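Please look over the structure below. The report that follows takes up its cavities, a pocket and its strands.

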Amino acid sequence: MKLTIIGTGYVGLVTGTCFAEVGHHVICVDNDAAKVKMLQAGGIPIYEPGLDELVKKNVASGRLKFTASTAEGVQNSDVIFIAVPTPPQPDGSVDLSYIERVARDIAAAMTSYKIVVDKSTVPVKTGEKVAETIKRYCAAKVEFDVVSNPEFLREGFAVGDLMKPDRIVIGVASPRPAAAMKEIYTPFNAPIIVTDINSAELIKHAANSFLALKISYINAIATVCEAAGANVQEVAQGIGLDERIGRRFLNAGIGFGGSCFPKDLSAFIKIAEQIGYDFKLLKEVQHINADQMDRFVKKITDTLWVLKDKKIGVLGLAFKQNTDDVRSSPAIDLCQKLLKEGAMLRVHDPKAMDKTKALLPNVTYVDDLNAVAEGCDAIVIATEWDEFKQLDLARAKKSLTHPIMFDGRNLFDPVEMEKLGWIYKSVGR
Ligand code: UGA
């Protein structure tokens, strides 16, 4: 089918590319002309494993194109996906101005029947507003349908999540767009759930909030484990093997971050408030997440006492592994807290150092993971990158003034670390 994706951020670019990969003809639109130029020249503005090759392959096949013109995309497609940012506002509610702007642009360019699909994460009832807006601004007065089709891809695993989804959610108000949407997704061989538009919009916020809740739950269990002398990883394994619970997203650490969970939780709490429900459960999820970071910082200050002029090596800046994204990263938050106490930081991340430089100008960036510990009083692990497990522990031990490690992602075995002579503090063990 002929598809247009408006917005070439993580969601838009990966979605458009994967649609092209399964045989659709895709036009990706972005109003950032420099970004479009970069994409047209074969450059990729984000780090996402596997994306680079897939973009090149599909551009070469002629199925994937980039333009800065919304009209070009709309007029040459049957289905138009909106994948623009929905950033948080200071009160936690969602800024829908990009969605509204794009809805107007689509309406202005429409000269025949179109299906307009919202892929951005939006509050329930946004579909109704999009439909109203298109109707109002469509000079040609042509027919159209609005669909909600939330995405569930994780950064760092986006291509895999998109090519092999657990499920596809399609929210529609009539059968006509449902048939076209099913055709688009048939090549992905995933269960397709067709709902009304409000339910589809709610599924997205409910899913992300539940995953965040799962992380806060295990972090609260970690606190109990520390007080009781138990091991949170063993507890997670023991409860996770119950299929009703599941082991995934039960990794205790310094809390969740990123551009989705914190924002979507605040938004969902706000949406609930606006329709008359005080979502206390989700407020507690937020509190546990904030406390988790404070407790970790306290572990560091309890051990090192005064942080002023102490040198600390920090491994990890991205909000999680396999990405260069540092938006709402717990690792950056941790660095800022340590800097506030007067610590001096040597930091390393496999992919996110460039994006961090503006946020943390007064730290030393170290290219070699094994050189981070040099001259430091302690080393801290802040992101769950697999390569940190390969840290040369013998060299790090020699480089540090004292062999002290704070492992905020439970990458090492506490028993082994003690045997090797480390003062090793992790989370919930
Ligand atoms: C999340 C959801 O997992 C996706 O399904 C969803 O599509 C996406 O948001 C979105 O709304 O666009 P993402 O933000 O890319 O994906 O990252 P996750 O892999 O979910 O991790 C979020 C945070 O939770 C990270 O900071 C990670 O370190 C933390 N986390 C995750 C834990 O602390 N423990 C865990 O067990 C799992």
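For residue classes, Ala, Val, Leu, Ile, Met, Phe, Trp, Tyr, Cys and Pro count as nonpolar, Asp, Glu, Lys and Arg as charged, and the others, Gly among them, as polar. This is a predicted model: local features need pLDDT of at least 70, side-chain atom pairs count only at pLDDT 80 or more, and totals for chains, interfaces and linings use all residues. Residues are numbered from 1 along each chain as its sequence is written, and side-chain values use heavy atoms, with hydrogens and water left out.

**Cavities and a pocket**

On a 1 Å grid over the protein atoms alone, a cavity is a set of points where a 1.4 Å probe fits but cannot get out. A pocket is an open set with protein on both sides within 12 Å along at least five of seven lines. Lining residues have an atom within 4 Å of a point. Grid points are joined across faces, edges and corners, and a volume is the space filled by probe spheres set on the points.

The whole structure holds two cavities of 30 Å³ or more.

| Space | Volume | Lining by class |
|---|---|---|
| Largest cavity | about 50 Å³ | two nonpolar, three polar, three charged |
| Second largest cavity | about 40 Å³ | two nonpolar, three polar, three charged |
| Second largest pocket | about 320 Å³ | 10 nonpolar, four polar, four charged |

Thr223, Glu226, Gly253, Gln292, Arg295, Phe296, Lys299 and Val427 line the largest cavity. Helix H9 (197–228) and helix H12 (280–304) are the elements that give two or more residues to this lining. H12 gives the most, with four residues. Helices (H or I, at least four residues) and strands (E, at least two) are DSSP runs, numbered from the N terminus.

The lining of the second largest cavity includes Asp118, Ser120, Glu201 and Lys204. The second largest pocket has 18 lining residues, and Leu96, Pro123, Val124, Thr126 and Lys129 lie nearest its centre. Helix H5 (97–109), helix H6 (126–137) and helix H11 (261–274) each supply at least two residues of that lining.

Two strands pair if DSSP finds at least two bridges between them. Six strands form an open, parallel sheet in the order E11-E10-E9-E12-E13-E14. Its edge strands, E11 (364–365) and E14 (423–425), each pair on one side only.

Strand E9 (residues 311–315) pairs with strand E12 (residues 378–381) over four bridges. E9 is also joined to E10, by five bridges. Ile312 stands opposite Ala378 in E12, and its bridge partner in E10 is Leu345.

Helices pack here too. Contact means heavy atoms within 4.5 Å. Axes are lines fitted to C-alpha atoms, for helices over the stretch in contact, and angles run from 0 to 180 degrees between N-to-C directions. H12 touches E9, E12, strand E13 (404–407) and E14, and its direction makes about 170° with that of E13. Helix H13 (residues 330–340) lies across E9, strand E10 (344–348) and E12, running at about 160° to E10.

Buried means under 20% relative accessible area, exposed over 50%, partly exposed in between (1.4 Å probe, protein chains only). Four of the five residues of E10 are buried, so E10 is largely enclosed by the rest of the structure.

**Around strand E4**

Which way do Val79 and Phe81 point from E4, and which way Ile80 and Ile82? Val79 and Phe81 point one way, Ile80 and Ile82 the other, and all are buried. In a regular strand the side chains alternate between the two faces of the sheet.

Strand E1 (residues 2–6) runs parallel to E4, paired over four bridges. Four bridges also join E4 to strand E5 (residues 114–118), again parallel. Phe81 is the bridge partner of Ile5 and stands opposite Val117 in E5.
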